[in-house]
Structure formats: structure tokens, C-alpha cells
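Please open the structure in the viewer and keep the selection panel at hand.

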Amino acid sequence: MENHATTPLHHAQNWFEQGRKLALVTVLSVWGSAPRPAGSHLICDNQGNFEGSVSGGCIEAEVIAQAVEVLTKGQARDLSFGISDETAWSAGLSCGGTIRLLIAPYDAAIHDVVIQIVQAQITRQRITSHTDLTTGQIALIPAPDNARITQLDESGFIQTYRPQPHIMVIGAVHIAQALAQMARITGYDLSIIDPRSGFATAERFPSVNLHEIWPEEFFKTNQPDSFTAIVALSHIPHLDDPALNAALKSDCFYIGALGSRKTHAKRLERLTATGFEAGTLERICAPIGLAISAQEPAEIAIAILAEIIQAYRKA
């Protein structure tokens, strides 16, 4: 079972294939407290139905009205919206900001590119696009040497799409149940690895990728990539240690392990004995999760997911 995030571009692909007339809205740049980053998308049809967000709600109604007009006239628009302090405050922001957007008719040429972007997301590959600010047309390009997520200049808007994180969880425990639900809301893929048949069940983990297998066997055919977070929750050395071993040998962006400082000290002794150096072992976040004094399983899951998000955004 694969659980891939449904993004505005996924909706664009599906809606276009249903025959809808669409406009694609892209955030080109932000200033101030604008809540959606450059590269965010909103897709809108000519009836005003939409998916995605470009401001968190402050200007969506006006953007949708502009998008419908773009569909009527058939020409892209490069627009800037200022969010006043008063409007920003009503939307839950501390101060105003400015958002620059491109609204473009979504045609067959753009659709062909979107299909490739969506497929790259599914196959967990980076992919970079260039958008012409006059026409709104999108082309795929090699990633620039200074590969940033977005780049805006006179030549157009360059955007690199990264896969959403894949969280590999060792141990089908209570914390994992809560983490699975939160990961789904966040749009992150999540897999549970646990050889104990009574733990890794569909009843306990509905709609989750379950692998009733020993971690060392799982990692033989499922290599972590740079968009992978590995979370060891079983609290059992012969389950967690092989997963940590695989994680430390990979370029995954996050490694976390449940346990007290005393437990982690013993864990480090075991991993050192297998040949890992101290600098490498510093990659393990333990005790796991941001320090929010979490106690209950759901609270610990929140702390873990928050730490994963923090690591991903810094990567």
C-alpha cells in the first residue's frame, strides 16, 4: 500500500483529465508575514472550485476571482497583493505582508509537465521547473548548481520540487499509532516495520504501510534516501539497533530513537562496538522529539513529528 500526499498539482492533473477548465496559481515571492512560501500552488476551475492555498485564507477569494477572469481572457497575470495589518490580524498573523503571484491558464502543455512533476514526487526524485512569467508556460530544466527550492529573477521562476518525507518507524507501538495519523494529516508517507504479528495489524494501523518483517530484512530492499526519516520506537535493541545501523550508513535527513539518556548511552556503546565513530552517532536524536515535556503517546508523537519537520526544513 502506498500513501502519497495529494497536492494541488495532483488535483490539477485529475481535474484536467476530467475536462475541467483550470487556472494554476503560483506564489512567486513573499515579504513580511505572508504565511505560504514561494512555490505554493492553488488550482482553480472556471466555477470557482479550488484546492491549495496561497495565503492561508487572507486573499483566496480575490485570487479565485482573478483566476476565473484569467480563464475567460486566456492570458497569464503577474500580480502582487498587499495584506494590511488589519487583514493580517484577522487571519491570525502578527503583521501584514506582500505576496506576488502568477495566475496562468492550465493547458495541455502545462499538463504534460505537471504529470512529470507528480510522477517524480511518487518515485521520490527531485525535479526542477522554469516558469515563463509572461505566458505562464512551464518547462523542466536541470537543477541549478546553487539549487535552492525557489529562485525568481528576470528570466522567470525556477522551482525545485522535493519529495515529501517518508517516515520509517521501527516498532508498532502506541506512539506509532498516533504518529501515523499525524503524518497522514501532514502529507508525509509513513511505514511501520515490526515482525511481531500482534503489533503490526491493519486494525491497529488502518491505511498504513505495514511490514511484518525484521528491520535488517526490510532495509536490504528498502534503502533510506535523503528524504527519509527513521524513527526507532520499539525500545528493543535487537529491533532498533539494525534500523539505526542502516540509518547511520545512509544519507537520511533524520534519525531518532526512543529512550532515556541512560538507555541511549547503552545504545551508543553497542553501536560504537559495531564500528561507528562518535561524530556519526551524533546524528541520532535521543531522547527523541522536541523538548516540550511530552508524556502521553500522542504528545510524544507530536514532539517527534515536530522534530522531523524542523530537520526537513533545514535540510
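**First stop: Ser234**

The model on display is a predicted one. Please select Ser234, which is placed in the loop that connects β13 (228–232) with α7 (237–248). Is Ser234 buried or exposed? Its relative accessibility is 8%, and because buried means under 20%, Ser234 counts as buried.

Next, display the side chain of Ser234 together with the backbone of Ile236. A polar atom of that side chain lies 3.0 Å from the backbone nitrogen of Ile236. Which residues does Ser234 contact when its neighbours within four places in sequence are left aside? They are Ile170, Gly171, Arg196, Leu239 and Asp240.

**Second stop: a sheet of four strands**

Please now select β6, β7, β8 and β9. These four strands form an open sheet, ordered β7-β6-β9-β8, with antiparallel pairing. At its edges are β7 (138–141) and β8 (150–153), each of which pairs on one side only. On average, neighbouring strands of the sheet are turned by 20° against each other, direction ignored.

Strand β9 comprises residues 156–161, and four bridges join it to β8, the two running antiparallel. Select Leu152 as well: opposite this residue stands Phe157 in β9.

Key: Residues are numbered from 1 along each chain as its sequence is written. This is a predicted model: local features need pLDDT of at least 70, side-chain atom pairs count only at pLDDT 80 or more; totals for chains, interfaces and linings use all residues. Side-chain values use heavy atoms; hydrogens and water are left out. Buried means under 20% relative accessible area, exposed over 50%, partly exposed in between (1.4 Å probe, protein chains only). A polar contact is a pair of N or O atoms within 3.5 Å; within protein, one must be able to donate a hydrogen and the other to accept it, and residues adjacent in sequence count only if both atoms are side-chain atoms. Contact means heavy atoms within 4.5 Å. Two strands pair if DSSP finds at least two bridges between them. Axes are lines fitted to C-alpha atoms, for helices over the stretch in contact, and angles run from 0 to 180 degrees between N-to-C directions.
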